[in-house]
Number of protein chains: 2
Amino acid sequence: MKNRLRLLRAERDWSQGELATRLGISRQSVNAIETGKYDPSLPLAFRIADLFALRIEDIFLRDEEGAGE
Amino acid sequence: MKNRLRLLRAERDWSQGELATRLGISRQSVNAIETGKYDPSLPLAFRIADLFALRIEDIFLRDEEGAGE
DNA sequence: GGCGGTTGTCAAGGGAGCTTGACATAAACG
DNA sequence: CGTTTATGTCAAGCTCCCTTGACAACCGCC
């Protein structure tokens, strides 16, 4: 499960800490998700999608997706 | 976090056990998700969406969604 | 009556998600 | 030089997700 969180965050010029505050989670959790240590829970994935006004499928990618570009 | 799993399963005439097999999880997990005991992980939510050929947002609903209709 | 199939639920265990607190590194700035 | 900011990572702990195994209740059918 890959994700485009780091890219989306960079587009908005947010630090990990700032994103964490907006999501209501810790900075370490943002970092862990960005670096691929684990996937967010489904409710958190919805909050992330809502924050960026995107669909979950547009942020989190099945492992095959976007691999062979 | 509500979901339409029971409805989708009924449309296909699958038992909880049959759905569990198709998803690669236990029958108890299917039951727990249907009865709202907890939300699936994000990877599992993707498998569910793939199985029903729907988007995650069309199966799992934010708590407000569909509540005040 | 008994039997197979489905569902709900409990217990106990393990791994994943998230927390706080701390520390190290690097870059930017005075 | 020192300070601040951003990032990566570790440890310890708690809750949530998912497991296996079991049991009760219900239904339809013989």
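The largest nonpolar core of this predicted model holds 37 residues, and L42(A), I56(A) and I56(B) have the most contacts inside it. Such a core joins buried Ala, Val, Leu, Ile, Met, Phe, Trp, Tyr and Cys residues through side-chain atoms within 4.5 Å; buried means under 20% relative accessible area, with a 1.4 Å probe and protein chains only.

Let's look at I56(A). Leaving aside neighbours within four places in sequence, its contacts (heavy atoms within 4.5 Å) are L42(A), A45(A), F46(A) and A49(A), together with L42(B), F46(B), I56(B) and E57(B).

Now to helix α2 of chain A, residues 16-23, where Q16(A), L19(A), A20(A) and L23(A) are buried. These residues lie on the same side of α2(A), because they cover an arc of only 105 degrees around the axis. The arc is taken from the directions from the helix axis to the C-beta atoms. Helices are DSSP runs (H or I, at least four residues). Among the elements covering the buried residues are these:

| Helix | Residues |
|---|---|
| α1(A) | 5-11 |
| α3(A) | 27-34 |
| α4(A) | 42-52 |

The axes of α2(A) and α4(A) are 10 Å apart, at an angle of about 110 degrees, so α2(A) is roughly perpendicular to α4(A) (65 to 115 degrees). Here L19(A), R22(A) and L23(A) meet R47(A), I48(A), L51(A) and F52(A).

Residues are numbered from 1 along each chain as written, with chains lettered from A and ligands numbered from 1 in written order. Local features need pLDDT of at least 70 and side-chain atom pairs 80 or more, while totals for chains, interfaces and linings use all residues; side-chain values use heavy atoms, without hydrogens and water.

Definitions and conventions:
Buried < 20%, exposed > 50% of the residue type's maximum accessible area, 1.4 Å probe, protein only. Helix = DSSP H or I, 4+ residues; strand = E, 2+ residues; numbered from the N terminus. Axes fitted to C-alpha atoms, helices over the stretch in contact; angles between N-to-C directions. Parallel < 35°, antiparallel > 145°, perpendicular 65-115°, else oblique.
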